[in-house]
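Please look at the sequence and the structure shown below before reading on.

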Amino acid sequence: MLRLPPYQYHRPTSLDAAVALMAEHGDDAMYVAGGTDVVPNMKHRLFEPGHLIALKSIDELKGIEEVPSSNVKEGVLRISAAETLTAVASHPRVRDLFPALADAAAHVAGPQLRNSGTIGGNVCLDTRCTYYNQTHFWREALGFCLKKDGDVCHVTRTGKKCVAAHSADTPPVLITLGAEAVLVGPNGRRAMPVADFFVADGIVNTRRSRDEILTEIRIPLASAACRQAYVKLRQRKSIDFPLLTVAVAADVDGSGLVRSIQGVVTGLGSRPRTLTKWNDVAEGRALDGELIDELAKGAHKQCHPLENIIVDPEWRRAMVPVFVKRALEQVTQE
Amino acid sequence: MPKTTDIVRLHVNGDAHEVGVPTHYTLLETLRYVLALTGTKQGCDKGDCGACTVILDGNPTLACLMPVWEAEGRQVVTVEGLAGPEGSHPLQDEFDLNGAAQCGFCTPGILCSAAALLERTPDPSRRQIQEALSGNLCRCTGYAKIYDAVEAAADRLQSEEEEAK
């Protein structure tokens, strides 16, 4: 039995009211949407806010629709942050335009969790580590860790930097599609590419400050022309967090030659990693076996997982080229 | 002084309840310790096992991760609410006839996941059943008899519907 610590639950019905509640309670408050990450973490005493500000009753955070955009000529698909992962995975426009995103959303955890968990929550998911996602009793017995209550990293032993793993399924796909995240806070609204949303710090790995709400994801409709793929490695085919995920989006011309291509892996370090030099290698070439091998080998060189998840890091590393290859083969079969 | 208890209004299995709860209670704790509906099981208590699955507005949901306040104004169905006035739900009968429960701890959650599936998809494929139950862990049966039971219940519900026509 894991009890929650005492807290007050607030259910504002507008963004303004939510921001005002956060201003009132400051550091003692946290935003919560589906609760599938915040609640177990509170049960583990990783967060102990006195106030939870729930975002699920806010109508402004609902809806999936195509809208015009001031900075994207063809317009964007706006996915509001409190839409559940089930809704994103099954939405006809998402499936039609961005099948890799629907796929990634459909592979988060298990069905019940996707009915509660939201796309916004998935993007803002806390990083995970063997030495962090444990009960207070367990963590205390080990003398705590760098990310919470302690001053030593049990993964790197000597390191002073937290290496907890970014473990969300949808961000890698959103990055390959050139999506943008919109945040609303006490200082107003700001937007940034999802690619810039993450930082390489396992303790807090996003640029969202704790008093900001991720309100929506905007995906350029033009990205729908890309061939997309998403593959995920985990121990069981359901429930588990990823040990590794790979997202690929390729813009291929009529004669099958690559105009541009992007690959993003995650589940390894504290932020999704955009694989570098893909365009240098692939531009103007056919996406054939030879090129796929080259890109997969390049990915292997760039990825160095640590033992932040109790799975042999060498094996996880060896799986990088295997899964990059699978993603690229999926792209060619479209 | 912040409140440590408050009144929550719930609709569970068709009944309206207005009960006092500690403000930090989950829906699961409220069902089990306040409403005495102990059919919904407390397993891992952190969203892995699916034993606490209830049906919330038609969707299988984990009661252990839901602050009870989030269930206000919504329809909750637990395993106790599956049986109708005529007797047990066809799923419950078929679980019995097919030997789909061994220790039985995961059964209430699986019944809820399966009941929600059959509401939406009256004639599910084996694959759809597997997907619908993929968030419920069973360590005894190996699942085969559970899938058989869900298929049999779907057949029975469909033939009952045919007869009613």
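**Briefing on the two chains**

Between domain 1 of chain B and domain 2 of chain B the count is zero salt bridges, a salt bridge being a side-chain nitrogen of Lys or Arg within 4 Å of a carboxyl oxygen of Asp or Glu. This is a predicted model, in which local features need pLDDT of at least 70 and side-chain atom pairs count only at pLDDT 80 or more, while totals for chains, interfaces and linings use all residues. Residues are numbered from 1 along each chain as its sequence is written, chains are lettered from A and ligands numbered from 1 in the order in which they are written, and side-chain values use heavy atoms, with hydrogens and water left out.

**Domains of chain B**

- Chain B is assigned domain 1 (5-79) and domain 2 (90-160), with bounds that come from an automatic or database domain assignment.
- The C-alpha centres of these two domains of chain B lie 22 Å apart, and 17 residues of domain 1 are in contact with 13 residues of domain 2, where contact means heavy atoms within 4.5 Å.
- About 1100 Å² is buried between domain 1 and domain 2 of chain B, and carbon and sulfur atoms give 65% of this area; buried area is the accessible area (1.4 Å probe) that two parts lose on being put together, summed over both.

**Domains of chain A**

- Chain A is divided into domain 1 (1-54) and domain 2 (61-124 + 165-332), and their centres, taken over C-alpha atoms, are separated by 27 Å.
- Domain 1 and domain 2 of chain A bury about 950 Å² between them, with 72% of it on carbon and sulfur atoms.
- Leu15(A), Tyr31(A) and Thr36(A) supply 45% of the area that domain 1 of chain A buries against domain 2 of chain A, which is more than any other three residues.
- The count between these two domains of chain A is one salt bridge.

**Between the chains**

- In the interface, 26 residues of chain A are in contact with 34 residues of chain B, and the two chains bury about 2500 Å² between them, 53% of it on carbon and sulfur atoms.
- The count between chain A and chain B is three salt bridges, and the side chains of Arg3(A) and Glu29(B) meet in a salt bridge at 3.6 Å, N to O.

**A salt bridge within a helix**

- Asp96(A) and Arg93(A) meet through their side chains in a salt bridge of 2.8 Å, N to O.
- Because they are three residues apart in helix H4 (residues 92-97) of chain A, Asp96(A) and Arg93(A) are separated by about one helical turn; helices (H or I, at least four residues) are DSSP runs, numbered from the N terminus.

**Pocket and cavity**

- The second largest pocket holds about 1400 Å³ of space and is lined by 41 residues, with Ala106(A), Pro111(A), Arg114(A), Glu131(B) and Ser134(B) nearest its centre.
- On a 1 Å grid over the protein atoms alone, a pocket is an open set with protein on both sides within 12 Å along at least five of seven lines, a cavity is a set of points where a 1.4 Å probe fits but cannot get out, and lining residues have an atom within 4 Å of a point.
- H4(B) gives the most to the lining of this second largest pocket, with five residues.
- The structure holds three cavities of 30 Å³ or more, and about 70 Å³ of space lies in the largest cavity, a volume being the space filled by probe spheres set on the grid points, which are joined across faces, edges and corners.

Definitions and conventions
Helix = DSSP H or I, 4+ residues; strand = E, 2+ residues; numbered from the N terminus.
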